[in-house]
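Subject: Structure handover

Hello,

Here is the structure I said I would pass on. My notes on what was found in it follow below.

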Amino acid sequence: MTDKKPVQIRMSDYPATGNARDIWRVTHDSLRPVEDGEVLVRLDYISIDPGMRGWITNKRSYMPPVKPGGVMRAFGVGEIVESRATGLAVGDQVTGFTGVQTHGVFKQENLRKVGIPGVPPHTFLSGLGMTGYTGYFGMTDIGQPKEGETVVVSAASGAVGSIAAQIAKLAGARVVGIAGGPDKCSYLIDELGLDAAIDYKKGDISAALNANCPDGIDLYFDNVGGDILSAVLNQMNYQGRIVVCGGISQYGDFASAAGPANFMTVVTHSLSMRGFTMRDYMHRVPEALDWLVPAWKERRIKFREHIVEGIENFPNAFDMIFDGKNHGKLLLKLG
Ligand SMILES: NC(=O)c1ccc[n+]([C@@H]2O[C@H](COP(=O)([O-])OP(=O)(O)OC[C@H]3O[C@@H](n4cnc5c(N)ncnc54)[C@H](OP(=O)(O)O)[C@@H]3O)[C@@H](O)[C@H]2O)c1
């Protein structure tokens, strides 16, 4: 058992507006006993993801919404402190849908053991975790960038976007990243080695795309939707491809996100547009790790993490990701 009082963050109800500030409750409920086939985990890090906005929206989606009163859903990583499971031992590092809580009792089949020598466990929530796999499969499997093509990536300095952009660059494409603010744009050029960066907060995104993509756009990796997607659609080349990874600009009203008004460009330019979630690729995670781990160790790809400390800061961290205040994969360090 644990000597510390467990802490949970619960969703009291679905947010009535785009602002989710008032829905979070802190509880200190005791843990249930560990049964056969289960383990008790002390969580060390929680992943803060834009997709959480969908999980607290009462609408049919790729996963059921969090139930009012329930512990907020999240990926986490931590250490097993008690085990009644044959495949997992005390001291093992595990990841899975742990929820936003300091401790939890889980069935062993709902956890995945992590542990690659020289790799800190929380890395399996960032570049070597779901966001890394998302950038990897979205770009390699769906986008399939080719040498000489022009590839545009939005939210390019973020967790998923930075991986996707670097993969396109390694494939020999000319890569243009879109991000908010001069710091993030400098990071795209100076650290990630992209060919151009567009600060969408500076104004005319269409003019900036026109100036930075003189040969048009062959492939767009979309993380944001909204006005940026509309502007990109107008400059797509014939038979261009759009990978729809996310639409964070529309998450304030997740249940009725607006589509682009110039949608007919998909017809007139024979575009293909394909969405996905990581659910489609869970069976191929080892393949992503086989590529990502050596690429990261050999510094062929980079990623950065933005760590907020303390479970009580979950509401702040949740808001940060929608305000663009995170610089890299946003993680909540517990304890
Ligand atoms: N399909 C999947 O399976 C899957 C899995 C994981 C994530 N995703 C999606 O991938 C996208 C990126 O997620 P992430 O985890 O990598 O987060 P992230 O990029 O690390 O952080 C989100 C970033 O989005 C940008 N942003 C926020 N509001 C915006 C707006 N109104 N317009 C334009 N940009 C805005 C901000 O960067 P700026 O400062 O640059 O604006 C913010 O830092 C999200 O859409 C997410 O839902 C999809």
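The largest share of the shell around the ligand comes from helix H3, which gives three residues. A residue is near a molecule if its C-beta atom, placed from the backbone, lies within 6 Å of it. Helices (H or I, at least four residues) and strands (E, at least two) are DSSP runs, numbered from the N terminus.

Before the rest, two notes on the source. This is a predicted model, in which local features need pLDDT of at least 70 and side-chain atom pairs count only at pLDDT 80 or more, while totals for chains, interfaces and linings use all residues. Residues are numbered from 1 along each chain as its sequence is written.

The ligand site

There are 30 residues around the ligand, and Gly158, Gly180, Gly246, Ser249 and Gly324 come nearest. H2 (130–143), H3 (159–170) and H9 (314–323) each supply at least two residues of the shell. By type, the shell holds 12 nonpolar, 15 polar and three charged residues. Here Ala, Val, Leu, Ile, Met, Phe, Trp, Tyr, Cys and Pro count as nonpolar, Asp, Glu, Lys and Arg as charged, and the others, Gly among them, as polar.

The two domains

The domain assignment of the protein chain gives domain 1 (8–125 + 304–333) and domain 2 (130–279); the bounds come from an automatic or database domain assignment. Their C-alpha centres lie 28 Å apart. Domain 1 puts 13 residues into the contact and domain 2 puts in 14 residues, where two residues are in contact if their C-beta atoms, placed from the backbone, lie within 7 Å. The side of domain 1 that touches domain 2 has four nonpolar, six polar and three charged residues. Each domain also gives at least three residues to the shell around the ligand.

The core

The largest nonpolar core has 89 residues, of which Ile46, Val152, Val153, Ala164, Phe221 and Val232 touch the most other members. Such a core is a set of buried Ala, Val, Leu, Ile, Met, Phe, Trp, Tyr and Cys residues joined through C-beta atoms within 7 Å. A residue is buried if 20 or more other C-beta atoms lie within 10 Å of its own, exposed if 12 or fewer, and partly exposed in between, with C-beta atoms placed from the backbone. H3 provides the largest share of this core, seven residues. Domain 1 and domain 2 both give residues to this core, so it lies between them. Leaving aside neighbours within four places in sequence, Val153 is in contact with Gly161, Ala164, Ala165, Val175, Gly177, Ile178 and Phe221.

H2 is largely enclosed by the rest of the structure, because 12 of its 14 residues are buried. Gln144 follows H2 and has a positive phi, near 45°. In H6 (residues 226–233), the buried residues are Ile228, Leu229, Ala231, Val232 and Leu233. Their cover includes strand S8 (150–153), strand S9 (174–179) and helix H5 (205–212).

Pro121 lies in the loop between strand S7 (111–114) and H2. With 19 other C-beta atoms within 10 Å, Pro121 is partly exposed. Not counting residues up to four places away in sequence, Pro121 touches Asp44, Val77, Gln93 and Val114.

The whole chain

The protein chain has nine helices and 15 strands, and buried residues make up 44% of its 335 residues. The C-alpha trace spans about 60 × 45 × 35 Å along its principal axes.

Regards
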